[in-house]
Amino acid sequence: MEDYQFEALGTVWHISVDGAVVTSQLWQEIHQEIELFDQHFSRFILRSEANQWREANPRGDQGSPQFAKMLIFAQELKS
């Protein structure tokens, strides 16, 4: 079993992979993708897309396609 730990999105992440070899390059790519997501959508980063969207008229700009998908998914979780 391979373990990886890092902090992102205000959380300490522990990822364990069993039965597969994960290269250090892949771990780095996973971490970079999560960091990018954090920069865009963290409510703790003042200029993040999430905060910019919240400050704008909610009936106006829908944000990026990725942000729209996240909002739809969040709404589905609430149902």
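I began with the secondary structure of this predicted model, and I found three helices and two strands in the chain. Reading along the sequence, I noted the pattern β-β-α-α-α.

Next I looked up the overall dimensions. The chain has a radius of gyration of 16 Å, whereas a compact globule of 79 residues would have one near 12 Å. For the C-alpha trace I wrote down spans of about 45 × 30 × 20 Å along the principal axes.

I then turned to burial and surface. Of the 79 residues in the chain, 18% are buried, and the accessible surface comes to about 6300 Å², with 56% of that belonging to carbon and sulfur atoms. Among the contacts with a separation of 6 or more, I found that 24% are made by residues 24 or more positions apart.

For the charges, I noted 6 positive and 12 negative ones in the chain, and their mean positions lie 17 Å apart.

Once I had set aside the neighbours within four places in sequence, I found Ile45 in contact with Asp38, Gln39 and Asn51. I also checked Ile45 against Leu9, which is 36 residues away along the chain, and the C-alpha atoms of the two are separated by 10 Å.

Definitions and conventions:
Residues are numbered from 1 along each chain as its sequence is written. This is a predicted model: local features need pLDDT of at least 70, side-chain atom pairs count only at pLDDT 80 or more; totals for chains, interfaces and linings use all residues. Side-chain values use heavy atoms; hydrogens and water are left out. Contact means heavy atoms within 4.5 Å. Helices (H or I, at least four residues) and strands (E, at least two) are DSSP runs, numbered from the N terminus. The radius of gyration is taken over C-alpha atoms; the globule rule is 2.2 Å times the number of residues to the power 0.38. Buried means under 20% relative accessible area, exposed over 50%, partly exposed in between (1.4 Å probe, protein chains only). Accessible areas come from the Shrake-Rupley method with a 1.4 Å probe; for residues, only the protein chains shown count as cover. Lys and Arg count as positive and Asp and Glu as negative; His and the chain ends are not counted. The place of a charge is taken as NZ of Lys, CZ of Arg, CG of Asp or CD of Glu.
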